[in-house]
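Welcome! Keep the sequence and the 3D view at hand, try each exercise yourself, and then read through the worked solution.

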Amino acid sequence: RFGISVGSVEVDYQAVRKRVADIVEKIYTEDDSPEALKALNIDTASGMARFLDPRTVEITDNAGQSRVVSANAGVIIASGAMPSVPKIDGLESVPYITYEQVFSLEELPTAMTIVGGGPIGCELGQAFSRLGAQVTIVAPKLLPALDAAAGEAMEALLGAEGVRIVRARASSVAADGSTHTLRCLAGEGDGISVTGDCLLVATGRVPRVSGMDLKKIGVSLNSKKGIAVDAQLRTGCAGVYAAGDCTGDQQFTHYAGFQGGVAARNLLLPLKSAGVSAQVPGCTFTSPEVAHIGMTEAAARAEFGDDNVQVIFRRLLSVDRAICTGQNEHGFFQLVLKKDDTIIGATIMAPPAGELISEISLAMHKKMKLSDLIFVMHAYPTFSLPLQVMGSTLYYNKLKKSSKLLSILKKIGL
């Protein structure tokens with residue numbers, strides 16, 4: 001379509017694996033390794049930790065050796081999350097992997113079955129399909145936590161790329177040599193069978209909270225089975241804070257980092273800052289990306305009522321930049337507004353959606369209205385220009401409704 005022919009494309013799976021491993025190692029070495037942390041005057045100790053009291057932790061390493069560490073100011077728990085494994089009959093007797101093992105696959109699967117249609121399932125499903133595997137995603141719907149338009153667009157995108165979507169619930173699974181057969185229920189009595197040689201369970205993540213003797217120090221769990229914290233990230237035990245995925249809140253690396261910084265600031269400095277927010281941007285890194293922040297349309301209508309919510313929608317089909325790059329078939333902009341045009345939520349599906357959502361994040365943080373973006377000049381042709389155009393459209397529609405009043409004001413010289 002661009003007038004350029006590159007011939008046949010071949011996938012070197014081992015080279016792909018090496019590149020992924022090299023990138024992971026580079027980021028770990030530069031940002032997260034004990035050596036990198038030591039350069040910031042942070043000491044590390046590897047092992048399983050449990051509380052002896054609110055200021056004392058015992059750490060046991062893989063060799064069974066223990067050491068005790070005491071804190072003067074307090075403790076921050078940031079134990080993260082782990083894969084959530086659903087109850088599927090026979091799963092315990094069938095080899096399966098989660099996102100923790102998927103990048104260690106030594107060979108490209110011939111047929112991969114993915115249970116779960118959230119961000120992990122969609123991202124890995126598209127990636128392995130593009131590498132050459134036959135991919136089937138089993139889920140009642142895709143991207144269920146987002147606006148319905150996102151799941152529908154993702155299903156159309158992945159379907160166009162050859163990914164099979166089975167809108168059903170995984171019921172049971174059985175092994176037959178090196179393959180598996182997954183039985184799925186799509187409705188009352190309806191059964192669908194999916195066969196493959198690699199079973200990936202991608203049904204979300206749950207807080208990692210066991211083994212730390214939290215109850216011993218008075219730290220309780222919330223309804224999401226995460227560590228219960230208040231707005232300042234304080235647990236029920238004085239001097240003990242929790243941050244990130246272990247609280248059961250929205251699971252994003254950037255949110256965990258933000259909370260970790262706030263928890264440390266609240267622990268060490270006077271006065272307290274809020275560490276819990278409903279305005280957390282997130283992105284599903286498919287191609288194109290799907291980014292979101294704030295309330296979905298359904299949540300907004302449920303809280304404020306239909307008459308107090310308006311939704312502005314624009315498909316990527318009519319965005320000039322997307323047309324120029326040949327990326328306008330799948331994607332959209334959706335903004336959820338209050339009646340007074342204040343932005344309370346957004347979902348964007350576009351190649352740079354993860355970058356675009358930051359503008360909406362800033363607008364929401366500053367409690368801006370969509371009409372405020374009219375006067376923020378955006379370059380043409382860019383993927384961000386539709387945000388200004390959507391604001392202009394809303395503004396001109398309001399002008400039309402006020403045309404009689406404007407005519408009178410003009411006649412009297414105002």
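## Exercise 1: Helix α3

Helix α3, residues 119-131, has 13 residues and reaches 18 Å from its first C-alpha to its last, close to the 18 Å expected at 1.5 Å a residue. Before you start, note that this is a predicted model: local features need pLDDT of at least 70, side-chain atom pairs count only at pLDDT 80 or more, and totals for chains, interfaces and linings use all residues. Residues are numbered from 1 along each chain as its sequence is written, and side-chain values use heavy atoms, with hydrogens and water left out.

**Task.** Find out which residues of α3 are buried, and what covers them.

**Solution.** 

Step 1. Helices (H or I, at least four residues) and strands (E, at least two) are DSSP runs, numbered from the N terminus. The expected span of a helix is 1.5 Å times one less than its number of residues. A residue is buried under 20% relative accessible area, exposed over 50%, and partly exposed in between (1.4 Å probe, protein chains only).

Step 2. Go along the helix. Its buried residues are Gly121, Cys122, Leu124, Gly125, Gln126, Phe128, Ser129 and Leu131.

Step 3. Look at the cover. It includes the helices α1 (13-32) and α4 (148-160), together with the strands β6 (111-115), β7 (134-138) and β12 (198-201).

Step 4. Step past the end of the helix. Just after α3, Gly132 takes a positive phi of about 120°.

## Exercise 2: Aromatic pairs

**Task.** How many aromatic pairs does the count come to? Describe where their rings sit.

**Solution.** 

Step 1. A pair of aromatic rings is described by the distance of the centres and the angle of the planes. Rings of Phe, Tyr and Trp (its six-membered ring) pair if their centres lie within 6.5 Å; planes under 30 degrees apart count as stacked, over 60 as edge-to-face and the rest as tilted.

Step 2. Apply the rule, and the count comes to two aromatic pairs. Tyr255 and Phe258 have ring centres 6.5 Å apart and planes at 15°, so they are stacked.

Step 3. Tyr255 and Phe258 are three residues apart in helix α5 (residues 253-268), so about one helical turn separates them. Tyr255 is buried at 3% relative accessibility, whereas Phe258 is partly exposed at 42%.

Step 4. Turn to Phe313 and Phe332, which are also stacked, at 5.3 Å centre to centre and 15° between the planes. This pair links distant parts of the chain: Phe313 is in strand β17 (residues 309-315) and Phe332 in strand β18 (residues 332-338), 19 residues apart. Phe313 is partly exposed, with 36% relative accessibility, while Phe332 is buried at 1%.

## Exercise 3: Salt bridges

**Task.** How many salt bridges does a search of the whole structure find? Examine some of them.

**Solution.** 

Step 1. Side chains of opposite charge can pair when their charged atoms come close. The cut-off used is a side-chain nitrogen of Lys or Arg within 4 Å of a carboxyl oxygen of Asp or Glu. The search finds 12 salt bridges.

Step 2. Take Asp22 and Lys18, with their closest N and O atoms 2.7 Å apart. The two are four residues apart in helix α1, so about one helical turn lies between them. Asp22 is partly exposed at 39% relative accessible area, and Lys18 is exposed at 53%.

Step 3. Compare Asp43 and Lys38, whose closest N and O atoms are 2.8 Å apart. Both of these residues are exposed.

Step 4. Now Glu155 and Arg167, where the closest N and O atoms are 3.7 Å apart. This pair links distant parts of the chain: Glu155 is in helix α4 and Arg167 in the loop between β8 (164-166) and β9 (169-176), 12 residues apart. Glu155 is partly exposed at 24% relative accessibility.

Step 5. Finish with a network: Arg50, Glu58 and Asp213 are linked by salt bridges.

## Exercise 4: The whole chain

**Task.** What percentage of the residues of the chain count as buried?

**Solution.** 

Step 1. List the elements: the chain has 10 helices and 19 strands.

Step 2. Read off the share: of the 414 residues, 40% count as buried.

Step 3. Picture the extent. The C-alpha atoms fill a box of roughly 85 × 60 × 50 Å, taken along the principal axes.

Conventions: Contact means heavy atoms within 4.5 Å.
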